Amino acid sequence: MAQTIELAQTAKRDYLKGLEKRYQDRWQSEKTFQVNAPAPEELAGLSQEEVREKFPKWFGNFPFPYMNGSLHLGHAFTISKIEFAAGYQRMLGKRVLFPHGFHVTGMPIKASADKIIREIELFGADFENFEEVNARIEAEKEAEEEKDAAVSQDKSKAKKGKLNAKSTGLTYQFQIMESIGHWLQYFPPIAIADNNAFGARIDWRRTFLTTPANPYYDSFVRWQINKLYKLGKIKFGERYTIYSPKDGQPCMDHDRQDGEGVGPQEYTGVKMEVVQWSPEAEALISNKVGNRKVFLVAATLRPETMYGQTNCFVGTGIKYGVFAANDQEAYVVTLRAARNMAFQGIITPRGNIEKLAELPGATLIGTKIKAPFSVNPEVYVLPMENVLATKGTGVVTSVPSDSPDDYQTLLDLRKKPEFYKIDPSWAALDPTPVIETPTYGNLIAAALVKKLKIQSQKDTKQLAEAKEITYKEGFYNGTMIIGEFKGEPVQEAKNKVRDAMIKAGLAFPYAEPEAMVTSRSADECVVALMDQWYLNYGEPEWKKQTEGLLANMNTYTLETRHAFQKTLDWLNQWACARTYGLGSELPWDPHFLVESLSDSTVYMSYYTVAQLLHEDSIDGNKPGPLGITPEQMTDEIWEYVFCNGPFPSPSPLPKEKADALKHEYSYFYPFDIRSSAKDLVPNHLTFALYNHVALFPEDKWPLSMRTNGHLMLNGKKMSKSTGNSLTLRESIEKFGADATRLSLADAGDGLEDANFEEKTANANILRLHTLLDWCKEQVTDQAKLRTGPRTFHDDVFENEVNDLINFTQSHYDATNYKDALKYGFYELQSARDWYREVTAESGMHKDLVLYWIRISALLATPVAPHFAEHIWSDILQEPKSIQCARWPTPEKPVDQTIIEAGQYMRGTVKTIRDAETTLLKMMQKAAKGKKVLQENAFDPKKPKSVRVYVAKEFPEWQNVSVGVVKEAWDEKEDKVDDAVVRAKLVENGLIKDKRVMPFIQAFKKRMAQYGAQTAFRRTLPFSEIHVLNELSTYLKKSLNLVDAEVMSVDEAHAHEGEAGYTKSIIDTSEPGAPAFEYRNV
């Protein structure tokens, strides 16, 4: 079982947590994160563009969490994307709005209430019989577990129930509710406290609950739904929907325990009348069906192939029922399929399932049935290994001409009839050509089975591939060659065949969930055909407008854009009402409630006015500063505020109050970014696009949406059952806020799942503590630091810091926080570490040390604000909070020549150090092998010096290679034609030189980084000899050298033949990659 780590020592963590609490209290007392629009008089006479320029704003938000528990680390990961952005945008001088509401619409809380009702029935109205009844239940459970353990010889199972009870402590819902009170009042304050402990920059005046629990928000939803209804976006009619029989209503995405995003899959239910039962089935069904005709019903996605049916398959291990459809007919299907049929009008009365008999699949083998539309009027039921009880009806039509699975199964049955216990004559019908395809002919299944070398039904991977090819080839390129629609493309004939079968009474429409869906009340859901209110997503004009919004919206990654495009392609009617749970009433049909995804599509706009309607009052029981009551917020007032509708006359409230609301909304809206986990694209996020298009003017449509993957913990999926789980509060208590925040930033930004590593969080505690100590020490002892003129190393350090400022900013702009942390935190420290090492003899320059400390605080502010605040306010003694500081802008452009020189220095030192290490390993290996070293061979253990050889010219093969690239380069397109490169290399006899292609690839990267013209100049932008001479003091000290001599290759060649000047080493030198030679002295 995976477990989270335990911390051995906590003193440094506790110190940091103390600082965090101090600065959180300061920010709260100073109301640092409360933000309002500029006063109306400040905006008077300004155009929208002028307002944005003079008073820039940023409004970021994320999907509000459902309040049936504490925020976990996955919530924190999504929140962090907006939180980090909010910190950065503040530093750009913008008015930053980061609000946070709470979702309580839907099923979970209501499901909890229903559990209590059931527990009242079990234990009494006041739970007075709990002890007695629970003791009896526990005794029965323990006896059953001990019985099971005795059978399995596993004694641990007998203790499992007791252990589980001890681990949770609270078994029943009433016990949980007694311990926490009402969810709506209990969990939101915890979430607020946890966010504050996290250091989140949230304006809590704007928080709220959904549903009539907050009458102001309820009036907002009423306006939204009424407007959609009047616009014709909400309709009423019969449609398929995922449905919970237990709850008696549709089960939408947020109502589900499992199966979010799963929709109905529609099939054709083919009715195959029983002509003659097998003897085994006859014995089980005799006298049980009355005068009803009995049909095996198969669910098919390919009704057009029914002309070629040669038999029917069932699973021998599946249990089938004979279910009464009505007084005249009965259907042989699985219970799962019957449950779906019972809510689609196929089995009547609705919701009633009457099983007349049960038939094991094996007993159906040999039954003769009619095959609707087939050239073979009657066929036999045969066994198939891959029939699933969890998909379709458990009955499968067999069309071996166009189904690789059916064809291979038929071959298997014919090879081994005795093994499968069938009469060979039952499998005697050959495949009938149904569809002609240009690639595979008219027996596509046989062709693909042969091509993919499929040998049996057990080759499931190859069969799945063959099935996909068969369907696509048949549907998109196939032509019917049999039946009423002979000669027509399959795309056109498919529905015609289906309609003809249904009209003839030989089939019916049937649907079921695409995959398992479980409601929050633990009910396995079905597909129901029912009258309901639905949002008509997918309506052509509405969809076109929404696609236009998406085209102009920043999605940050192509993957997110493609996910939206894919959703827009399939999304259509969505049930927007339910009869059960918590939610706002449907205004024109109060029997229904607005479902949980439909009342939360445009609430981001509500944030802009919430503080004026009910400031610091989550449920709206305390009117805000304008004194507006919920009743005064009519549809007409909302329309005036949000959409420039006419001001109503008579009006429920003074116009100046409505204008105050409108002023805040107009300034902050539209929102600049919404960040979410990627699994909300197929529902909530796309709904938000649709609803904004329908409800708001175009200038108020969303500007951007970004998505992220899910968060793993320690490389594994978070799970309470395995112990690999952390709430936000637990992480802050264990590691502190900033160590948690740094680890969340480091976890990742893409759509792939990110990973929060506890070891990283723990290491961050030490890193933060050490950094604070160092900064404090340097500021306290700054008189000891060097002053006066700048040195070469000072210039390198300053330019590297400024370069990192720019790199970090580019990543904050792109919301890539892992890379922002890399450059603005980790590499910034690496630059300081190098500077500290390389100036060990002369000392660091005071101005640059103080500059680095200041920059390190500023660049870390978005991600680690408490650490940054302590440096800023306590160590640097700045009077205002760092939350009010501006992003640093270097005073002069970064000199890339100096940056390259710095990289060259570090690279050279590493190369020389690595070479010495290699020499030592060679000596050790030689010693083990008892090899005799050459006389006068270099011994790294003895006093040594190094001579560095600097070349001014490149080798000829490199010059030729560069010439080739130049010839293949298109100056206008700024692109290199790789085909021309290869041809020229062949022409110059270099194509087989293994050094060439890696060199050319590296050279092309240099072209991209510095520009083609700079790269073609082929000269280093700095003097190697000068840089190496500046480095010589550090080289001698760090490598323990007696001397470090730098000379040109030409100078070295003048000493050829002398001891310590090896021609083969000298000749390996290239510009930018000096050669070096050790010698003992």
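**Close-ups of a predicted chain**

**View 1. What lines the second largest pocket?** Its lining splits into 15 nonpolar residues, eleven polar and nine charged. Here Ala, Val, Leu, Ile, Met, Phe, Trp, Tyr, Cys and Pro count as nonpolar, Asp, Glu, Lys and Arg as charged, and the others, Gly among them, as polar. This is a predicted model, where local features need pLDDT of at least 70 and side-chain atom pairs 80 or more, while totals for chains, interfaces and linings use all residues. Residues are numbered from 1 along each chain as its sequence is written, and side-chain values use heavy atoms, with hydrogens and water left out.

View 2. Three strands line up in the order 26-25-27, with mixed pairing. Strands 26 (716-717) and 27 (754-756) are at the edges with a single partner strand each, so one side of each has no neighbour in the sheet. (Strands are DSSP runs of E, at least two residues, numbered from the N terminus; two of them pair if DSSP finds at least two bridges between them.)

**View 3. Strand 25 meets strand 27.** Strand 25 (residues 711-713) and strand 27 pair in the parallel sense over three bridges. Look for Met712, whose bridge partner in strand 27 is Asn755.

Note on methods: Helices (H or I, at least four residues) and strands (E, at least two) are DSSP runs, numbered from the N terminus.
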